[in-house]
Amino acid sequence: MAKPISGYTDPADLRTLMTNAKRLGRDDIWREAFRRLCSLEGADQTDPLHRDFYQTLAAYEQLLTQKNGRATRASRTRLKLKSKGVIQCLEDWVLSKTPTESYELLVANSLVEMTGESLVLKYPEQFSEGAVAAAKARLAAPADQAA
């Protein structure tokens, strides 16, 4: 019997599973493996917001890697994270006049729930009223306006 996807702990094994699922046209398996891969990234975080943020970052980097055909890190995001922290990163993302590349890539792949905007709405007590309002507005905008 095959191991359940939730039992995988090695990112390389999950990426192989995702490649095979894509090749076989099994989007359901690809999506489940993708989510498991992302969940591993934030697993060591004790704060739920930080854990979710690292999952979002992992999702963005995985989608960048697929788009570019090579391993791609979100270097600017990681630098901002190191210098300003999770809260300020998310505030800056949602308050930017145009959607971030991560937002556009996640939305284009039907992963709206993994966007920074969704995190701000999930943990509104940790953000400014302006950030919460901006996140709501961006998520309410029609998809063709967001891109």
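**View 1. Contacts of T115 in the predicted model.** Leaving aside neighbours within four places in sequence, T115 is in contact with T56, Y103, L106, V107 and L139. The structure shown in this and every other view is a predicted model. T115 lies in the loop between α5 (101–108) and α6 (116–122). Its relative accessibility is 0%, so T115 counts as buried. The side chain of T115 also reaches the backbone oxygen of V112, at 2.9 Å.

**View 2. S110 and its phi angle.** S110 is found in the loop between α5 and α6. Most residues other than glycine have a negative phi. S110 is not a glycine, yet its phi is positive, at about 55 degrees.

**View 3. The largest nonpolar core.** This core has 38 residues, and those that touch the most other members are F34, F53, L90, V120 and F127. The elements that give two or more residues to the core are α1 (11–23), α2 (27–41), α3 (48–68), α4 (75–95), α5, α6 and α7 (129–140). Which helix gives the largest share of this core? The largest share comes from α3, with 9 residues. In soluble globular proteins, nonpolar side chains tend to be buried together.

**View 4. Surroundings of L90.** L90 is one of the core residues that touch the most other members. Not counting residues up to four places away in sequence, L90 touches L49, F53, G116, L119, V120 and F127. Among these contacts of L90, F53, V120 and F127 are also listed with L90 as core residues that touch the most other members.

**View 5. Helix α2 and its buried face.** Helix α2 has 15 residues. From its first C-alpha to its last, α2 reaches 21 Å, close to the 21 Å expected at 1.5 Å a residue. The buried residues of α2 are W30, A33, F34, L37 and C38. Seen down the axis of α2, these buried residues fall within an arc of 135 degrees, so they line one face of the helix. An α-helix has 3.6 residues a turn, so residues three or four places apart point the same way. What do the buried residues of α2 pack against? They pack against α1 and α3.

**View 6. Aromatic pairs.** The count of aromatic pairs comes to 3. One of them is formed by W30 and F34, which are stacked, with 4.9 Å centre to centre and 15 degrees between the planes. W30 and F34 are 4 residues apart in helix α2, so about one helical turn separates them. Are these two residues buried or exposed? W30 counts as buried because its relative accessibility is 8%. F34 is buried as well, with a relative accessible area of 0%. Another pair, F53 and Y54, is edge-to-face: the centres are 5.8 Å apart, with 90 degrees between the planes. Both F53 and Y54 are buried. F53, Y54 and W93 form one aromatic cluster.

View 7. Helix α7 has 12 residues and reaches 16 Å from its first C-alpha to its last, close to the 16 Å expected at 1.5 Å a residue. The buried residues of α7 are A131, V132, A134, A135 and R138. Seen down the axis of α7, they fall within an arc of 165 degrees, so they line one face of the helix. What covers these buried residues includes α4, α5 and α6. Which exposed residues does the face turned away from the buried side carry? That face of α7 carries E129, K136 and A140.

**View 8. G130 and E129 in helix α7.** G130 is found in helix α7. With a relative accessible area of 39%, G130 is partly exposed. E129 and G25 are 104 residues apart in sequence, and their C-alpha atoms are 43 Å apart in space.

Key: Residues numbered from 1 in each chain as written. Predicted model: local features only at pLDDT ≥ 70, side-chain atom pairs only at ≥ 80, totals over all residues. Heavy atoms only, no water. Buried < 20%, exposed > 50% of the residue type's maximum accessible area, 1.4 Å probe, protein only. Polar contact = N/O pair within 3.5 Å; in protein donor to acceptor, adjacent residues only side chain to side chain. Contact = heavy atoms within 4.5 Å. Core = buried A, V, L, I, M, F, W, Y, C linked by side-chain atoms within 4.5 Å. Expected span 1.5 Å × (residues − 1). Arc of directions from axis to C-beta. Phe/Tyr/Trp six-rings, centres within 6.5 Å; stacked < 30°, edge-to-face > 60°.
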